[in-house]
Amino acid sequence: MSINRTIQPPFQSIDSIKLIEPEKIILNNAIPLYNINTGTQDVLKIDLSFDAGSWFQEKPLISNTVNEMLAEGTSHLTSMEIAEKLDYYGAFIQSNPSKDFAGMTLFTLKKYLPETIHILEDIIKNPVFPEHELRTYISKRRQSFQIEMEKVSNLARRKFNEQLFGKDHPYGKNPNLDDHDKITRADLIDFHEKYFHAANCRIMVSGKTDQETIAQVNARFGNTDWVNKTKPGIISTSINETIEKDAFIKKEDVTQSAIRIGKQTINKHHPDYPKLEVVNTILGGYFGSRLMKTIREEKGYTYGISSFLVSLKNAGFFVIASEVGADSARSAIEDILNEIRKLREEKVSPEELKLVKNFMIGDMMRSFDGPFELAQSYQSIIDLGIDNAFFNRTIDAIKTITPEEIIQLANTYLNEKSMVKTIVGKFD
Amino acid sequence: MIKFDRFILDNGLKVIVHNDPSTTLVAVNLLYNVGARDENPEMTGFAHLFEHLMFEGSIHIPSFDNPLQLAGGENNAYTTNDITNYYITLPKKNLETAFWLESDRMISLDFSEEKLEIQKNVVIEEYNQRYLNQPYGDAYLFLRPLAYKVHPYQWATIGKDISHIRNARLKDVKDFFMHHYAPNNAILSVAGNITKDEIEKLAIKWFGPIKNRDIAKRNIPREPKQTTPRTLTLERNVPFDAIYKAYHMSSRMEHDYFITDLISDLLSNGKSSRLYQKLVKENQYFSSIDASITGDIDEGLLVISGKIMKGISFEIAEKAIENELGKIISDNIDDYELNKVKNKYESVHQFGQMNAMNKAMELAYNELLGDAEKINREVENYRNVTLNDIRKSALILFNKNNCSTLYYKTKN
């Protein structure tokens with residue numbers, strides 16, 4: 001019996017996704033704990049998140065350094081002892097510094113939770129930032145900083161942030177090499193005291209959790225002995241008055257130039273956001289996107305190109321990022337701008353829209369498949385203070401958005417004429 | 001323990017089925033037993049270039065990605081020196097689309113000069129992005145031919161020379177397909193909330209009609225034993241010196257593989273490891289250092305690579321590394337330390353089995369190594385390594401004559 005291979009087997013659009021919402025528990029000291037109990041392996045992931053990102057620092061690099069040095073020595077354990085114990089129990093810790101948040105993630109086998117959570121507690125509550133460890137950390141960081149500064153993608157990202165927000169804005173400010181030498185132990189102790197305490201903390205526990213797991217987390221982090229009453233000061237932000245619309249940084253001997261194109265736009269708090277995410281996906285948010293089709297698959301200018309909507313706590317922006325052949329930067333930019341223009345002027349075909357809708361729902365299924373994936377998805381909205389119904393609104397937006405709405409949203413939020421451009425490398 | 005079922009179609013396609021009721025998605029992994037080691041030395045980079053062409057439409061289906069995305073699926077692939085691996089995740093309900101797509105590109109591709117030209121450009125940009133436009137990005141392109149004089153591991157998957165990609169002809173590409181892509185040279189592995197019966201039905205329906213093909217006979221020369229130290233100095237526009245030391249190790253099939261893997265963990269897995277504690281924290285000769293094995297099927301390499309701190313000479317840095325390697329042989333590792341790296345391995349193994357895709361990939365790879373069941377003996381294999389094994393293997397491994405060293409020097 002021969003089969004017809006030219007026709008796709010019957011498939012279904014996915015109507016609904018099983019969302020396992022985290023159970024919210026308030027600890028004795030008022031820390032919200034979010035519990036996700038699912039999965040097949042006897043493992044756990046514990047995330048502690050603090051409003052302690054670089055947004056809050058008064059000097060460059062302080063937030064990052066505090067976060068990355070938490071495990072470099074406490075009032076009870078040396079850096080070596082911490083590393084030794086975590087390695088022995090096969091546990092991993094990861095610091096998560098970003099512009100808005102800072103925190104620590106512990107990955108541990110469930111059977112060793114009593115031992116490993118004890119260490120997590122110590123590094124969160126009692127770090128001492130030993131002077132000699134700080135010196136070692138800084139000399140390492142100086143070197144890796146200088147290596148990063150050789151990469152066109154990093155140079156472009158820095159410049160782009162500056163163009164979007166301004167050199168002195170907490171989201172636009174970039175650290176320099178000299179700033180490494182200005183970090184003092186007192187800065188770190190001060191920042192830790194202000195921001196790493198219970199009143200500023202959220203906890204997410206995921207994996208095969210049970211009552212005992214929650215009880216242990218509560219015993220370590222639920223007490224009132226680490227609540228700091230001092231409120232962090234108000235952060236002053238300057239408005240970026242003079243926008244440098246097109247920036248070009250020349251770099252000799254490159255084989256590729258880095259391109260960034262984008263603008264400030266709405267973040268996840270805005271009701272239009274879920275539908276704008278569909279618009280972004282069509283343009284550059286998946287492998288089959290228009291930018292990938294044109295810049296990679298038709299022109300062969302690049303190995304990859306993507307666009308993103310980035311939601312910060314106090315802002316949002318849209319960005320297109322790519323590295324293109326050094327001689328192709330000018331043509332690539334023209335083609336990119338043209339793709340945005342088409343999105344504003346021409347109706348998306350029903351076929352393309354259906355494909356993007358189905359892909360996005362499938363992608364949501366993937367981002368809710370498994371305990372750690374669920375934790376990551378929910379943490380991304382909880383940190384921003386957004387309710388769980390955000391995901392239902394997103395599903396709804398994907399299902400109902402029309403070609404007319406896409407044109408309207410693209411015109412409102414993604415007009416290429418209002419975007420800044422950054423090029424690092426060669427430009428004709 | 002990962003439980004699975006296994007069957008072979010008449011055309012030689014091996015199929016593995018793993019039931020994981022915890023997920024609403026299905027992972028479909030198709031491994032082809034062809035990698036960069038199977039390439040003609042005059043036409044390198046073909047396995048990887050071919051991977052790109054596999055997404056350009058097949059004999060009956062003009063686009064691979066569109067119908068998959070329409071069914072809510074996502075896919076990718078990678079090429080190593082040993083294998084080319086394709087993988088898809090999609091909602092369980094739409095599983096058949098994956099079988100339809102994968103079986104069609106196993107029959108034949110929709111080859112054309114235009115598609116080949118475009119993908120040549122994309123691969124050249126990949127080469128630019130990953131190897132040339134990154135500081136230290138080309139180190140392995142030089143380290144490999146220093147360590148291997150005969151074996152095809154001397155070139156990276158991107159190829160020996162990018163001109164091989166630039167000059168690739170459609171005929172050579174078609175030949176490559178006919179000699180390596182076939183049901184009798186592939187392993188299909190499926191994981192999700194599925195049964196053996198439904199997978200068997202789908203496999204017979206979509207892959208069953210594909211004829212088996214004559215697979216190019218693998219005739220890979222064995223790398224002769226290295227008898228003198230080898231060195232190479234590169235000068236590049238980078239901010240700091242770096243050093244790479246490559247030591248020949250056993251093949252994936254020998255017990256020595258697990259021993260050597262644990263040696264690399266003693267040296268650099270985790271912040272408590274020897275190289276990090278001594279050379280980054282204590283001496284501060286390096287800003288970063290790593291020891292890892294290449295994980296190849298034939299005889300591979302254990303590579304130590306480090307970025308040297310400004311002001312420290314190659315000589316001091318290298319002596320310090322060799323000194324630490326010497327300590328693995330001299331008698332100061334105890335059961336506690338060996339248990340530590342074994343615990344860490346076991347933990348990584350547990351975390352690695354959290355999602356269906358990882359499990360499908362691991363099952364297919366272990367089947368290629370001879371038996372998918374091996375996946376369930378991995379932890380035991382590592383647990384069985386003794387202190388004596390470590391000393392004995394390290395003595396052979398860290399012989400100066402077994403080492404190729406690349407000095408990656410800053411220009412100025």
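Is B:Y382 buried or exposed? B:Y382 counts as buried, at 3% relative accessibility; buried means under 20% relative accessible area, exposed over 50%, and partly exposed in between (1.4 Å probe, protein chains only). This is a predicted model: local features need pLDDT of at least 70, side-chain atom pairs count only at pLDDT 80 or more, and totals for chains, interfaces and linings use all residues. Residues are numbered from 1 along each chain as its sequence is written, chains are lettered from A in the order in which they are written, and side-chain values use heavy atoms, without hydrogens and water.

**Aromatic pairs**
- Over all chains, the search finds 47 aromatic pairs.
- Rings of Phe, Tyr and Trp (its six-membered ring) pair if their centres lie within 6.5 Å; planes under 30 degrees apart are stacked, over 60 edge-to-face, the rest tilted.
- B:Y32 and B:Y181 form a tilted pair, with centres 4.3 Å apart and planes at 40 degrees.
- The two are 149 residues apart.
- B:Y32 is buried, at 0% relative accessible area.
- B:Y181 is also buried, at 0%.
- B:Y345 and B:Y382 are stacked, 3.8 Å centre to centre with 15 degrees between the planes.
- B:Y345 is buried, with a relative accessible area of 14%.

**A ring cluster**
- Ring pairs link B:Y32 and B:Y181 into a cluster whose members include B:F46, B:F55 and B:F111.

**Charges over rings**
- A charge sits over a ring if NZ of Lys or CZ of Arg is within 6 Å of the ring centre and within 35 degrees of the ring normal.
- A:R330 lies over the face of A:F427, 4.2 Å from the ring centre.
- The charged end of B:R105 sits over the ring of B:F55, 4.8 Å from its centre.

Terms used: Helix = DSSP H or I, 4+ residues; strand = E, 2+ residues; numbered from the N terminus.
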